Amino acid sequence: MEPGNTPLVELRNLAPSGTRLFAKLEWHNPTGSVKDRPAWRMFMEDRKKGLFGSGTPLIEATSGNTGIGLARVALLEGNPMHICLPTTASKERRQMLEAYGAQLVLVEGGPNDAIAKARELVEAGEGHMCYQYGNIANPDAHEFGTALEIVRDWPLEQPPDHFLCAYGTGGTITGNSRGLKKVWSDMAVHSVEEDLSDTIGGMRNQGDPFQPPVADLGLVKDRHVVTRTVAEEKVAEIMKLEGHFVGTSSGAVIEAAQRELEQSGGTAVVVLPDAGWKYLSNAPWI
Ligand code: PMP
């Protein structure tokens, strides 16, 4: 089964008074996150280009979700999968990767150290890296997938005033802003970024020394920085008010959307990257 065609729903209990808030629920993808989309597309495009063949091991550096998505495609297509993962990644993520048949290479430090390790393995001829941070298929999966679905399923006559999503590799924000602005040129795009002193798994800040080559924030109007503490509180509130069991970055996205709607009113559409299953050993669930 290919990723995509996730539900677009209204979050009536989270929209500030007089505003409307809609969300694309990306945990409805096969391995439970938005990253199934780029994982599938990178695998298929790189193989089509002849960058790897049947049986070639795949190597990737990831905080989890892309690795899980890639591990599934690799499993279905018969390629071994090696994942370089920061030791800080949650136990549930490690278990999930192993369930999908991936071999883990645990790296001390953060995502940047995992990237360096993966590069080292590729240079040593150990396999092919789709490299989500620099692969055009990452944003393309959104420009020609997620964005088209949002436009197709948008229920109101007027276009949304705001689009917000988390910034990690930049695939989601780059691809969706390209796709959506073609149709809704007046809509404002907002990036939701982690606070460098209180970080969120899967997310990034424009102040981070490493900026992914694939990220093009040229269409982004402004940025909202959210701390992990605030995002975790919002995760609990989303459960209570809407019954959606979301991951931490979704908490950050909703917090930012509420701030924006409170300030400027109107309608907003957001992407919620994953569900809470992988974060049960984190706040607010402990
Ligand atoms: N939230 C989560 C939970 C993620 O795994 C990711 C992927 N890094 C993101 C947000 C950000 O998405 P993107 O990589 O497309 O910027």
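Let us start with Thr31, which sits in the loop between strand E2 and helix H1, the helix covering residues 36-48. Please bear in mind throughout that this is a predicted model. Is Thr31 buried or exposed? Its relative accessible area is 5%. Since buried means under 20%, Thr31 is therefore a buried residue. Setting aside residues up to four places away in sequence, Thr31 touches Asp36, Ile68, Gly69, Arg72, Met96 and Tyr100.

I turn next to the ligand. Which residues come nearest to the ligand? There are 14 residues around the ligand, and those that come nearest are Lys35, Gly168, Thr169, Thr172 and Ser249.

In the side chain of Thr169, an N or O atom is 2.7 Å from an oxygen atom of the ligand. Asn65 places a polar side-chain atom 2.9 Å from a ligand oxygen atom. With Gly170 the backbone is involved: one of its N or O atoms lies 2.9 Å from an oxygen atom of the ligand.

Now to the protein interior. In soluble globular proteins, nonpolar side chains tend to be buried together. Here, the largest nonpolar core has 27 residues. Within this core, Leu21, Leu164, Val192, Ala252, Ile254, Val270 and Leu272 touch the most other members. Which elements each supply at least two residues of this core? They are strand E2 (20-25), strand E7 (162-166), helix H7 (228-242), helix H8 (248-264) and strand E10 (267-272). H8 gives the most, with six residues. A further core, of 20 residues, lies apart from this one and includes Ala39, Trp40, Met81 and Cys130.

Not counting residues up to four places away in sequence, Leu272 touches Ala23, Lys24, Leu25, Glu26, Trp27, Val246, Ser250, Val253 and Ile254.

Finally, I come to Glu10, which is located in strand E1, residues 8-10. With which side chains does the side chain of Glu10 make polar contacts? One joins Glu10 to the side chain of Arg12, at 3.4 Å. Another, of 2.9 Å, is made with the side chain of Arg20. Leaving aside neighbours within four places in sequence, Glu10 is in contact with Arg20, Leu21, Phe22 and Glu242. Of these, Leu21 is one of the core residues already named as touching the most other members.

Note on methods
Residues are numbered from 1 along each chain as its sequence is written. This is a predicted model: local features need pLDDT of at least 70, side-chain atom pairs count only at pLDDT 80 or more; totals for chains, interfaces and linings use all residues. Side-chain values use heavy atoms; hydrogens and water are left out. A residue is near a molecule or strand if one of its heavy atoms lies within 4 Å of it. A polar contact is a pair of N or O atoms within 3.5 Å; within protein, one must be able to donate a hydrogen and the other to accept it, and residues adjacent in sequence count only if both atoms are side-chain atoms. A nonpolar core is a set of buried Ala, Val, Leu, Ile, Met, Phe, Trp, Tyr and Cys residues joined through side-chain atoms within 4.5 Å. Buried means under 20% relative accessible area, exposed over 50%, partly exposed in between (1.4 Å probe, protein chains only). Helices (H or I, at least four residues) and strands (E, at least two) are DSSP runs, numbered from the N terminus. Contact means heavy atoms within 4.5 Å.
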